[in-house]
Amino acid sequence: MATLKGSESHCTRGKQRQCKYNIVFKFTDSKITGRTFSRGTQLPGGLLQERDKRAKWQGIPTLLQNLYESSHPNSDLSDAHDLLKTLLSQLSMEAMSFVTEDRKTIQESTFPNTHTFDLFGGVDLLVEILMRPTLTMQKKKPKMNDDLVKECLSVLYNCCICADGVTKSLAARDDFVLFLFTLMTNKETFLQTATLMEDILGVKKEMIHLDSIPNLSGLVQSFDQQQLANFCRILSVTISEPDLGNDDKHTLLAKNAQQKRNSSPSRAEVNQVTLLNIPEFIERLCKLATRKVSEATGGNFLQELEEWYTWLDNALVLDSLMQMATEEAEQSSTGKTTKCSSLWFLNSSPTFVLSSESSDESSLATSPLRHRLPPSMKIVHEIMYKVEVLYVLCVLLMGRQRNQVHKMLAEFRLIPGLNNLFDKLIWRKYTVTNHVVHGQNENCDCSPEISFKIQFLRLLQSFSDHHENKYLLLNSQELNELSAISMKANIPEVEALVNTDRSLVCDGKKGLLTRLLTVMKREPPDSSFRFWQARAVESFLRGATSYADQMFLLKRGLLEHILFCIIDSGCTSRDVLQSYFDLLGELMKFNIDAFKRFNKYVNTPEKFQTFLTQINSSLVDSNMLVRCIVLSLDRFQSQTEDVKVVEVLSECCLLSYMAKVENRLSFLFRLVNIINVQTLTQENVSCLNTSLVILMLARRKAKLPFYLSALREKEHAEKYPGCLLNNFRNLLRFWQCHYLNKDKDSTCLENSSCIPFSYWKETVSVLLGSDRTSLCAIASYIDEPFMDLDRDLLED
């Protein structure tokens, strides 16, 4: 019995020791001690190994267990580094497969290794390892090995690619996001940090406060030009207003309501101010945007660039390749075996996967890409830099600090610098077809060449729009030409032209605007560059109408080019046609010579009918041109003492068409009918203003009652009594709320129409008058039962 008991006791003690590694014991112990499971790797090793065989975890949980044990605070992390290399080799292949499979969604593809890594706490563990030096109480923070940091960042980036939710979980950790900025001070880890940070900030729910980054000014000033250019990719996320992603929220009604709730500057606007306060920031961006690139010799440059843009569309990728090529060259010259990062390039993808290997085993050494690197790679590299820099400058130009930015861009000679690059870099004769029109905040996945041109044109548009610095786009000879045009027409020079600092204008035989006109006329009919080119030129004309500016462009054949595109080119793109309608309106407004040229080009009934068909096909797109014709006709009709004006009035088919009251009424009815308060956006609110212009001019001639009566007859003929006029009343009520609180918009209305804003306000008040006996009040033309239909929608 004694022997039996002793035997039982020995057996029980053995089982108890084994129980410590038993899952049941672990759960029981956690209830007693309060030390619960916080990660999958705390499960017993035996259980993990047994389950690994069936679940095919590839030993990742065990590797993570070992990584956790070898990365304790007092460890030298040498073993951890080796374990990380093993893990990275398993994860990098999955990341590469994801981005090469036509960027499939995570739901459509499975990446078991990455998901296992995340499931068992690998992401949290790497964040803990990276941030460990920040947790020490020592004054001198321990420095972590650069290669280890790069491995951690590469693994995290690969997880962001393949594991759903990893990027968002990292973005939710403000401490980690701020910590990443500290890693950017180290040039060795800059690229990996910047790549990961770009993804994280892109999904972060709340935009980061740049002024919360410790010593941001010192950080930015420490960057070399290459780092600063890449940092612009990150900055673009922090200074751009977030895309609302919902059409309903883009309506002016929703935007006005949002502005009432949030009257203070947005976080993006605050971040813009923070950047502008960094010494030499704008100056350095201007130098990056305008620095010259050595042209590659040989006739195959353009062919190489066309082939390579499908591979290289990310400046960070290019930086890694350049760094890798430099390291390999150093190895070849010294014969030493060093560590380098091999890079897998992925078709039309801004993503890349890093894996560290010895040079003897480097996949780069055997990769066919190594033998395909074109000598023009540096030029593509520089183009991608400039894309990021121009985007940041463009956003700043559209912000609240616009005048401050304008002054600095002029001082640092951005426009002359871009003019010097135009023929050799910005707009070579090389053309890519199948372009896509991209919106202001839309991510562009096209080639570096196309992205560069689009950003360049957007910058010109923002620079010229309603600003006196627009004359910096000309050279001294062209400024003299404008002065001569004004003198010949016996009109004073515009003040902005007189005040232009000649030392800051373009150099050379042609200014930037003239160069743009040259390539604009050569652009193929199906090119969407036409949209951006027309927008850039139109912005030069916007604001108070300048006869000299119009004649400068008319002399260069711009009107004939526009009419060809609208009438004869077969263009069907609504975006391109809208941009040409808007440009044509600014070019012809109040200019009798332009209408004479128009009549000379549109010299057959068939051409004129084609032109009208294009206008009538979408009034939302063409209404600015309709407004220009109505305003110009009204002015010309008051200048009957001028023989030239009388001659053009009698001969011009376009003016004769608009002079017929039934045609003006037709436009008015359709303009009011295609919009309502709930659907008003920045794109179609011009329809409301054009309808107002027609009625203001009618009021000047005491014909407002006639127009309102015609609208009433039209709605009764359509068997919708009260519908049209009530809709118009609601639109005018909204107009009062919208424009009476927005100085910029009211100034634009006054400058573009040459009608004092006080007359705009007065006309709206008269139309909205409550006196039903007034023949100029809309209420007089609505039967009592149909009054104030849908007014509650506006009040909501």
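User: Over the ring of which residue does the charged end of Lys470 sit?
Analyst: This is a predicted model, in which local features need pLDDT of at least 70 and side-chain atom pairs count only at pLDDT 80 or more, while totals for chains, interfaces and linings use all residues. Residues are numbered from 1 along each chain as its sequence is written, and side-chain values use heavy atoms, with hydrogens and water left out. A charge sits over a ring if NZ of Lys or CZ of Arg is within 6 Å of the ring centre and within 35 degrees of the ring normal. For Lys470 the distance to the ring centre is 5.0 Å, and the ring is that of Phe540.

User: How many aromatic pairs are there?
Analyst: Rings of Phe, Tyr and Trp (its six-membered ring) pair if their centres lie within 6.5 Å; planes under 30 degrees apart count as stacked, over 60 as edge-to-face and the rest as tilted. By this rule the count is 16.

User: What is the geometry of the aromatic pair of Trp427 and Phe529?
Analyst: Trp427 lies in the loop between α23 and α24, and Phe529 in helix α28 (residues 529–541), 102 residues apart. Both Trp427 and Phe529 are buried, that is, under 20% relative accessible area with a 1.4 Å probe, protein chains only. Their ring centres are 5.2 Å apart with 65° between the planes, and the pair is edge-to-face.

User: How many helices and strands does the protein chain have?
Analyst: Helices (H or I, at least four residues) and strands (E, at least two) are DSSP runs, numbered from the N terminus. The secondary structure comes to 43 helices and two strands.

Notes:
Buried < 20%, exposed > 50% of the residue type's maximum accessible area, 1.4 Å probe, protein only.
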